[in-house]
Amino acid sequence: MATVTNFENVSHPSKTDLRQFAELFMPLFIASTEEAKREAIAALSQHPSVPSAVAFFIACQPISLAAPFLISSKCLDDETLITIARTQGAAHARAIVRRDDLSPTVIDALVGLRHAEDLKRPDEETSAVAPSPVVSAEEPKVEEEAAGIAAASALEEEMRQRIKQMAHHLNRPESDVLGLRRLSDVQEALLVRFARERNARQFAVALADSLSSSYWLSERIMLDISGAQLATTLIGLGMEFSEAAFILQCFYPHLAAAEGDMSRAEALLDRLDTVECEERVESWRRADSYTHGRERPSRSAPATQRTGTLG
């Protein structure tokens, strides 16, 4: 887009330049091809003086276009970043997490962020009710056959539901988490980010938020230098295998060593049973709620000396 190229060449744009660019950019952007849009956003993501209206407009584009701008642009202030994360969904929030200059204010907002999709639970028990067939009073045979078919279908559905209930405890689908805690995309991205930075305190705060527990519980989990308790927690929260292994290796360097054809972290995770991990995590959360009354994590929480391991 020639408009973007001309704007790039202005090292110190005046208020008039910024206003004119904002007025021209949006209609031209909408009319451009996808490739032109990507090139324009890539260029503006490195520009230090993008008008706030244009910056917000770009940040609200589909993530396939907006990602470079969300990750790199210096023209997005904290308020705008928080607004984008809350209104545009998990993909945009994950891109924001990748920024190098996240402020404590934005981090706090991301840690506590809950997306609508995390609250949705599939209702497999609810089935659509088929509309009753229109039967003429002059066709009693058709009505009788329809009634017989409906009764057979109802009986078949009842038997299907009974079989599902009987098999449920033997083959629980992965999507059925039975009310257990599960990491949102933003929470998982924050845990990986803080692990990459070796920021144990921020990681513990984010972990406490993910567990909906006290800071004390997440601190106790991380103090197990074998890494077993953190591994159990990550698997119990549904974290992807490779991400969990990466986090363990960041905080417990000895787990990065090779063990056969995999790292010790991967071997540790491979030995864990998912259901047992979920049950262990839930038991820790229950004990923590009895002791600490479901305290919310706090950055000022004291890192007091703890001994022993969780049961």
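These are legends for a set of close-up views of one predicted protein model.

**View 1. The whole chain, before we zoom in.**
Start with the parts list: the secondary structure of the protein comes to 17 helices and two strands. Of its 311 residues, 40% count as buried. Take the contacts between residues at least 6 apart in sequence: 68% of them join residues at least 24 apart.

Across the protein the mean pLDDT is 76, with 68% of residues at 70 or more.

Just past the end of helix 14 you'll find Gly238, which takes a positive phi of about 85°.

**View 2. Helix 2 alongside helix 4.**
Helix 2 (residues 15-31) packs against helix 4 (residues 52-59) at an angle of about 20°, and their axes are 9 Å apart. Angles under 35 degrees count as roughly parallel, so that is the label for this pair, helix 2 and helix 4. Their crossing is left-handed. On the helix 2 side, the contact is made by Phe21, Ala22, Phe25, Met26, Phe29 and Ile30. Helix 4 answers with Ala53, Val54, Phe57 and Ile58. Look at how the numbers are spaced, and remember a handy rule: an α-helix has 3.6 residues a turn, so residues three or four places apart point the same way.

**View 3. Helix 4 and what surrounds it.**
Stay with helix 4, but now look at its other partners too. Its buried residues are Val54, Ala55, Phe57, Ile58 and Ala59. Besides helix 2, these pack against helix 3, helix 5 (63-72), helix 6 (78-88) and helix 7 (90-97).

Lys37 lies in helix 3 (residues 34-44). Is Lys37 buried or exposed? Its relative accessibility is 12%, so Lys37 counts as buried. Leaving out neighbours within four places in sequence, Lys37 touches Phe29, Ile30, Ser32 and Leu65. Two of those names, Phe29 and Ile30, also turned up in the helix 2 contact with helix 4. Over in helix 17 you can find Arg285. Arg285 counts as buried because its relative accessibility is 12%. The C-alpha atoms of Arg285 and Leu217 are separated by 8.0 Å, although the two residues are 68 apart along the chain.

**View 4. Ser263, in one of the strands.**
Strand 2 (residues 262-263) is where Ser263 lies. With 9% relative accessibility, Ser263 counts as buried. Setting aside neighbours within four places in sequence, its contacts are Gln249, Leu255, Ala256, Ala257 and Ala258. There's also a C-alpha distance to check: 8.4 Å between Ser263 and Ala245, which are 18 residues apart along the chain.

Most residues other than glycine have a negative phi. Which way does Arg198 go, positive or negative? Arg198 isn't a glycine, yet has a positive phi of about 55°. You'll find Arg198 in the loop between helix 11 (185-196) and helix 12. Ser212, also not a glycine, has a positive phi of about 55°. Its place is the loop between helix 12 and helix 13.

Terms used:
Residues numbered from 1 in each chain as written. Predicted model: local features only at pLDDT ≥ 70, side-chain atom pairs only at ≥ 80, totals over all residues. Heavy atoms only, no water. pLDDT = per-residue confidence, 0-100. Helix = DSSP H or I, 4+ residues; strand = E, 2+ residues; numbered from the N terminus. Buried < 20%, exposed > 50% of the residue type's maximum accessible area, 1.4 Å probe, protein only. Contact = heavy atoms within 4.5 Å. Axes fitted to C-alpha atoms, helices over the stretch in contact; angles between N-to-C directions. Parallel < 35°, antiparallel > 145°, perpendicular 65-115°, else oblique. Left-handed = near helix turned anticlockwise from the far one by under 90°.
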